[in-house]
Amino acid sequence: MNTRNRPWGMLIFFTVAFFLGAYFTFAAVQGDYGLFRRAEIDAQSTLLQAQLDQLNTQVARMENLTHRLSDTYLDLDLLDQQARDVLGLLRSDEIVIR
């Protein structure tokens, strides 16, 4: 009687072990912390780093313009450009063509 139950027990054991191994393999590849998710996070990280670099460049440019219009350092050409662009001012010897 012991020898007849042994093949069924071994078959059930290996079947359960196979399905557990398949489950954990699937979870390691496609789960929340799997390889595919890792690749998505790496791609998103690269994209966000590029956006951060672009924003840092814009901030540096704006800091430069702000410094050039500060009380301690005044760039007259930049002041003239800002007066023309923002306020729409013109000199008396200029003609506007639209």
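In the predicted model, I12, V16, L20, Y23 and F24 make a nonpolar surface patch of about 530 Å². Such patches consist of residues with over 30% relative accessible area and no salt bridge, with like charges joined within 9 Å and nonpolar side chains (Val, Leu, Ile, Met, Phe, Trp, Tyr) within 5 Å. The model is a prediction in which local features need pLDDT of at least 70 and side-chain atom pairs count only at pLDDT 80 or more, while totals for chains, interfaces and linings use all residues. Residues are numbered from 1 along each chain as its sequence is written, and side-chain values use heavy atoms, with hydrogens and water left out.

V16, one of the patch residues, is found in helix α1. Helices (H or I, at least four residues) and strands (E, at least two) are DSSP runs, numbered from the N terminus. V16 counts as partly exposed because its relative accessibility is 46%; buried means under 20% relative accessible area, exposed over 50%, and partly exposed in between (1.4 Å probe, protein chains only). A27 also has its place in helix α1, which covers residues 2–30, and at 28% relative accessibility A27 counts as partly exposed. Between A27 and Y73 there are 46 residues in sequence and 61 Å in space, C-alpha to C-alpha.

Three aromatic pairs are present in the structure. Rings of Phe, Tyr and Trp (its six-membered ring) pair if their centres lie within 6.5 Å; planes under 30 degrees apart count as stacked, over 60 as edge-to-face and the rest as tilted. The ring centres of F13 and F14 are 5.3 Å apart and the planes stand at 70°, so this pair is edge-to-face. The pair of F18 and F19 is likewise edge-to-face because the centres are 5.4 Å apart and the planes are at 70°. F13 counts as exposed, at 53% relative accessibility, and both F18 and F19 are exposed.

Four salt bridges were found in a search of the whole structure, a salt bridge being a side-chain nitrogen of Lys or Arg within 4 Å of a carboxyl oxygen of Asp or Glu. In one of them, R37 is joined to E40, with the closest N and O atoms 3.2 Å apart. Both residues lie in helix α2 (residues 35–68), three residues apart, or about one turn of the helix. R37 is partly exposed at 38% relative accessibility, as is E40 at 48%.

A salt bridge also links D75 and R68, whose closest N and O atoms are 2.6 Å apart. D75 counts as buried at 17% relative accessibility, whereas R68, at 23%, counts as partly exposed. At the start of α3, a side-chain oxygen of D75 reaches to within 3.3 Å of the backbone nitrogen of D77.

Helix α3 (residues 76–87) has 12 residues and spans 15 Å from its first C-alpha to its last, close to the 16 Å expected at 1.5 Å a residue; the expected span is 1.5 Å times one less than the number of residues. R84 and D80 both lie in α3, four residues apart, about one turn of the helix, and form a salt bridge with the closest N and O atoms 2.9 Å apart. R84 has a relative accessible area of 26% and is partly exposed; D80, with 32%, is partly exposed. Just after α3, G88 takes a positive phi of about 75°.

How values were computed. A polar contact is a pair of N or O atoms within 3.5 Å; within protein, one must be able to donate a hydrogen and the other to accept it, and residues adjacent in sequence count only if both atoms are side-chain atoms. Accessible areas come from the Shrake-Rupley method with a 1.4 Å probe; for residues, only the protein chains shown count as cover.
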